[in-house]
Amino acid sequence: MSEPRPYAPIVQKLRQAQLRPTRQRLSLARLLFDPGDRHVTAEQLHEEAIEAKVPVSLATVYNTLHQFTAAGLLREVVIEAGRSYFDTNVTDHHHFYIEGEGRLMDIPGDQVALRQIPAPPQGATIERVEVIVRVKHKAPPRAAS
């Protein structure tokens, strides 16, 4: 009896998304998906790849993240112009964004209720609604001197 290959689940995930499992895609996919649900920037993933001895450029990381997003494997969460996170949890949910820490936390989709969503412009359909709740940790109270 042979043991399963370590990349087998990732290869299957890429093939189901109709992406060719190249060496770089496999390596980046393992970094992304093996630890479970997470939020990562392209720069963070690039650093992880370098630490894991994966020879890949930052441009390739960006391209791969966008390919994975287009294939439905990731969700891009745009915090502000030039600041995106890629979320491995593609289910219906929302986010807390922790200001000052640059960190996202999931909010289950059923914990956010919207009373009314405006009708989309003529000829358009609503693809999804994302809520980002920006929070900041309070400074601890100062000790009296």
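Which residue in β3 does Val78 stand opposite? Here are a few friendly notes on this predicted model, starting with that one.

1. **The sheet.** Val78 stands opposite Ser84 in β3. Strand β3 covers residues 83–87 and runs antiparallel to β2, with 5 bridges joining the two. Taken as a whole, the open sheet has 3 strands, ordered β1-β3-β2, with antiparallel pairing. Because β1 (39–40) and β2 (75–80) each have a single partner strand, they stand at the edges, and one side of each is left without a neighbour in the sheet.

2. **The main core.** The largest nonpolar core holds 23 residues, and Leu32, Phe33, Leu45, Leu65 and Phe68 have the most contacts inside it. Helices α1 (8–16), α2 (23–33), α3 (42–51) and α4 (58–70) each give two or more residues to this core. The biggest share comes from α2, with 6 residues.

3. **Leu32 and its contacts.** Leaving aside residues up to four places away in sequence, Leu32 touches Arg38, Val40, Leu45, Leu65, Phe68, Leu74 and Thr88. There is also a second, separate core of 5 residues, among them Val77, Tyr85, Tyr97 and Leu104.

4. The model has 2 aromatic pairs. Phe33 and Phe68 form a tilted one, 6.2 Å centre to centre with 35 degrees between the planes. Since Phe33 lies in helix α2 and Phe68 in helix α4, the pair ties together parts that are 35 residues apart in sequence. Phe33 is buried, at 13% relative accessible area, and Phe68 is buried too, at 0%.

5. **A charge over a ring.** Do look at Lys13 as well: its charged end sits over the ring of Phe33, 4.5 Å from the ring centre.

Note on methods. Residues numbered from 1 in each chain as written. Predicted model: local features only at pLDDT ≥ 70, side-chain atom pairs only at ≥ 80, totals over all residues. Heavy atoms only, no water. Pairing = 2+ DSSP bridges. Helix = DSSP H or I, 4+ residues; strand = E, 2+ residues; numbered from the N terminus. Core = buried A, V, L, I, M, F, W, Y, C linked by side-chain atoms within 4.5 Å. Buried < 20%, exposed > 50% of the residue type's maximum accessible area, 1.4 Å probe, protein only. Contact = heavy atoms within 4.5 Å. Phe/Tyr/Trp six-rings, centres within 6.5 Å; stacked < 30°, edge-to-face > 60°. Lys NZ or Arg CZ within 6 Å of the ring centre and 35° of its normal.
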